[in-house]
Amino acid sequence: MTNLLPYLNDYQPRDRRERIIVGVLCAGLGLQAIAVETLSAQQVRRLGFQWKKWRSQLIAQVFYQLPALSRPRREVAAQYREEYDSLCNEVAAEFARRILTEFDPAQGILGKTLTAKLSIWVNSQLRLKWRLLELVTPQKKTKELRILEIIVEVARRSPDGFTKSEFLGEITRQRSINPQFATEFLLELLPKFWSAAPEGDRYFLDVDRLQNYLDQQGNQAYEIALDPAIATQIPDFTHAPTHRPTPTLSQKITQLLATYRDNLEHICLKNNPHCHCVLLLENYFQEQLYDVEINEEQIVRLLGIKRATYQSHLERRCLPAFWELAINSSPVSQFDPTSQKNLLKEYIISDPKLLLQKCYYTNKNYRDYLDCNCQNLAQQILKIFVPKPSKWKNLALFYDLTVDTLARFWKMKCLFLLSLIVFELETEYTDPLKLD
Amino acid sequence: MDISVTIDIKPEWVETAQKFAAEQHQTDRQQQIFLHTLAIYGLHEYLAWGEIESSLTDSYSWHPQTRVLTAWADLYLPNYGRILCAANQKEALIPLPEILPLNCIGCVVVDIAEDLQKLELQGFISTRSFDLEKSQFNRADITAIASLFDELYLLTEEQLLVEQEMLQLSAMDDDLEAYFSPLLDLENIIDIVGRLNRLFYEPKTDLENVFIIDEIDEELPKKEATLMQPEVLFADLSTIDEMDEETPTIVFMSSQVQRQSLLDFPLLEKVAEDADQYTADTPQEKIAEATQALTENLLAKLQQLRDELT
């Protein structure tokens, strides 16, 4: 049972529309409260019609009056009008079915007013937003999937490789696919999946990997996961590689991502369950470490967010969180009972290569804030130095900077540098262990 | 809650409406059919929200021939009858077509915005409140559109009542059972309820008339069904359609023919004669008596039901 009734009783409607909404919802709760067992057959029939009446009122005067329901963007609105209408109808039916039992204004739904809460509930819980995205985006996707299917088929048929003309012969049978687009698509795909370099006009593809890729694309056409082509380059951590040479930076990062996936997934989760730190970080590191070209435009479009939001989220939330995680989870930042010292702490205090001191803040007028360097900040902020760090406000006053500037400097520069140092210390730290 | 319901007009509705309107060659008639079609679409959508089944394609306004000949816009509800739509009528007294369709439930007043973005279901008026003598109703009499659901509930109850009464009678006597069993079809029950309701709201002078038709109908439900189908009549009129190019006169004629047909149609007369012959037999007399008693009984019970609900 939800808290809808007490909420509605206390709620102060802001305008006429909200008054109507409250009225309709209360009427629905009233009908729901009627005990059907006590009624005569005639009364039950009457109740049936009252439900129908209420349902039509709910859809006409609540659902279609909600101001902030997801809509297709104006450029494509006309194109998707019919699909959107039928989608709305479906969602409206679901709305009528679930509103009284599942809508809980007190729990987990943002928004101050009742209309805002209802809109958000429809957009997120009833998935209007996502279904709309699915509606608007799949076209290109399915075309690519079809080409992929054809490629897999052709590659399966001829294990000795196939020629471009064979491929194009298949493509031309599918009238809706433009051969030029298909060729470009094939050439783009080729370096990721070939089993051997092409000989002249003959291509050799790794069918199994392609099939995997196809399955993944088909299953979750809208979820952007780690690209399997890259996944094959990332070592598998389940087979503990003890005999392996010390892991590279990229391997460490991937391992961290894999281990702390669950924690990271919740960091910047708002109303968009598909957009979380893991995804952003995966994309970012694929680009940075493996030189994979990530089409940010496409990702941003699929997620339904603005590019600026994506960028700032990555820089201000995801990356700092990840660096912090790297620092705090590393063995070097822990107190080591055997040597009775904390490696990272000592490093920061001594700063042997003067790396930390050199990292100081410079404003856009080239004024240097020598005091405001990574070494000092780390000692004032990191948990290994101060269990309860002082407030950003006080620190900012101390360095004569604004809170925003200081926080950005710390998050984007110092944390990154510190985590690099941690990675470096780690290799030194784990090596002697192995010798033991 | 006395609030009209606003519905977004969908582009495909406008498309269909334009298609229907393009069949006409008179501008005012084009405009009328265009608005009617949109109004029916709006009502159809509204009923779908309330999970009431309605069939666009079974409406007279959807059939190319009946659309031309009927001056009304109607939506067919398979379990109840037809609802009329009055589109963009600004006057206080809204005119009705001279002949109402069979089993007419009432009329819905629809306002359509000029930019064709939204339409508004203003309200509903039951056939009971029509001023049938003057073929019009008062705009002030319309009730909230949601009262349509109450009306449909009332009809459901009436249908059940009629069915129960008929079952009771047929359990009493073999002859009566043979007579009433074909009437127990849902379609026939709907017709009977429609006719009984007509007895309520028709002016007294017509009562005799209706009563005769009522009797013939009840005795010959199957034949009646084919005779009463306006399509049959209109199909005959299609020859006139080709000869005469002016549609309004045809519409007028059609309604005249339809009105006359109920009384003067040759086939119907024959049927009436047949019925006269049969009434001489004793079981027929018994049936006539029973139906008369049943009609009176039902009228009283329906009145009671209506009083209970309102």
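Residues count from 1 along each chain as its sequence is written, and chains are lettered from A in the order in which they are written. Since this is a prediction, local features need pLDDT of at least 70 and side-chain atom pairs count only at pLDDT 80 or more, while totals for chains, interfaces and linings use all residues.

**View 1. Where chain A touches chain B.** Each chain puts in 17 residues; contact here is C-beta atoms, placed from the backbone, within 7 Å. On chain A's side, α2 (16–33), α3 (41–61) and α5 (81–102) each supply at least two residues, and α3(A) gives the largest share, twelve. Helices are DSSP runs (H or I, at least four residues) and strands are runs of E, at least two, numbered from the N terminus. By class, chain A's side has four nonpolar, five polar and eight charged residues (nonpolar: Ala, Val, Leu, Ile, Met, Phe, Trp, Tyr, Cys and Pro; charged: Asp, Glu, Lys and Arg; polar: the others, Gly among them).

**View 2. α9 meets α10 in chain A.** The axes of α9(A) (residues 164–173) and α10(A) (residues 179–193) come within 10 Å and cross at roughly 135° (lines fitted to C-alpha atoms over the stretch in contact, angles from 0 to 180 degrees between N-to-C directions). Phe167(A), Leu168(A), Ile171(A) and Thr172(A) of α9(A) face Pro179(A), Ala182(A) and Leu186(A) of α10(A) in this contact: six nonpolar, one polar and no charged.

**View 3. A three-stranded open sheet in chain A.** The order is β1-β3-β2, with antiparallel pairing (at least two DSSP bridges per strand pair). β1 (162–163) and β2 (194–199) of chain A sit at the edges with a single partner strand each, so one side of each has no neighbour in the sheet. Phe162(A) has Tyr203(A) of β3(A) as its bridge partner.

Methods:
Two residues are in contact if their C-beta atoms, placed from the backbone, lie within 7 Å.
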